[in-house]
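Please read them alongside the model.

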Amino acid sequence: MLRLQALRPGTFLFLCRQASKGGKPIDSDTLLRLEDGYKELVASDSKSLLKKHLKKDLFEKLKKKTTASFNSSLLDCIQTGLSNHDSAVGIVAPEPEAYKTFAEIFDPIIEDFHKGFKKTDKHPECCFGKCNDFANLDPDNKYILSTRVRCGRSVKNFPFISCLSENAFAKLEAMISGALNTMSGSYKGSYLPLSGIEKSVQQKLIDEHFLFRDCDRFLKTSGAKRFWPAARGIYFNEARNFVVWVNEEDHLRIISMEKGGDIGKVYERMIGGVEALEKHLDFSRDERLGYLTFCPTNLGSTIRASVHIKLPNLSDNPKEFWKLMDKYNLQRRGTRGEHTKVEDGVYDISNKRRVGLTEYEAVKEMYDGIRALIDAENKIFK
Ligand SMILES: Nc1ncnc2c1ncn2[C@@H]1O[C@H](COP(=O)(O)OP(=O)(O)OP(=O)(O)O)[C@@H](O)[C@H]1O
């Protein structure tokens, strides 16, 4: 098996933000910022999971801790939630070890977001299952405009995006783009570094839902914008239905998307892409939490299977709409993704849970939910 530019053991330590400094006591400036930020969060009307779960005694217990690998502090994890009181979650992990060092705050947030994955639970083994089980939910193209299934992956031995040095970013981009350039058949394509894309082309790609937007304030304050746009980029296959984002929020986002509602086909293409990349890259996986990602909302299966869908009758009946969303564990976003507005009645609806269920079960949760929404749209309000 070809390993692209494999790192010698220990090399990565010299490439990252706080390499080899691990376990040092927190400095007084960080502690002050943490305490001030926490006071403001407590006094705010924030509805974030961070505020809900970071009670005073837990804050006191965690505030001076740092990780052994990269010296990450609680502030590195929660700066985004302290800066944005309107966050839904408000915490990220700068590196894999943060999930262990700060487990007492991550675990209840993971349990809350992923609807019941307890700290004693173990995420199942990867299981993509049978794609044929997912027939087209809308063969007449009445409701579903497009379908997208994505997963996130982090490359082993590298911390996450907010903890990478400029050198580590460059090394990672070279490893990932090298792996992408080995892809063949229907996955064959090309890698475009973000820094080389003209502004007008970049905007067009964003408008067409292929490319990530420039970091929003939630990501920016989490530290994800360091050295932006260096080492970020996008890979397309020739048919433009398979896309990989490099170093946006996670090291890789592996995405399959196309017009219409053929979820099985879209899912199958994503799986093929993941399997091809696995031959060249080692991905970080935790025995308990599954595949590791920067944001705890994306751990585990890391699957977000979504449709762009118009449901005018349900939109006029928000109570019924939300009831079904809740019953089927669905998440609703705006037309241009998270933290955006609904334009022209087009919702982005996906599975919400990613931890505690297999890849197959995550897609099935979305599939069953979308079927129920379409049934309700058709029958109940006729
Ligand atoms: N079914 C879909 N069809 C077309 N575009 C989609 C679909 N689902 C999501 N998108 C687009 O994908 C882009 C990224 O969306 P968004 O950032 O919300 O989700 P994500 O990539 O899953 O990551 P995250 O959950 O970390 O935010 C946006 O342009 C969004 O409109």
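**Notes on the model**

1. Asn329 is partly exposed, with 17 other C-beta atoms within 10 Å (buried means 20 or more such atoms, exposed 12 or fewer, and partly exposed in between, with C-beta atoms placed from the backbone). Its phi is near 55°, a positive value in a residue other than glycine, and Asn329 lies in the loop between helix 12 (318-327) and strand 9 (330-333); helices (H or I, at least four residues) and strands (E, at least two) are DSSP runs, numbered from the N terminus.

2. This is a predicted model, in which local features need pLDDT of at least 70 and side-chain atom pairs count only at pLDDT 80 or more, while totals for chains, interfaces and linings use all residues. Residues are numbered from 1 along each chain as its sequence is written.

3. Arg240, which is not a glycine, also has a positive phi, of about 55°. Arg240 lies in the loop between strand 3 and strand 4 (242-246) and is partly exposed, with 13 other C-beta atoms within 10 Å.

4. The peptide bond from Trp228 to Pro229 is cis, with omega near 5°, and Pro229 is found in the loop between helix 9 (217-220) and strand 3 (233-237).

5. Around the ligand there are 17 residues, of which Ser146, Arg148, His209, Ser306 and Gly337 come nearest (a residue is near a molecule if its C-beta atom, placed from the backbone, lies within 6 Å of it). Strand 1 (144-153), strand 5 (252-259) and strand 8 (304-310) are the elements that give two or more residues to this shell.
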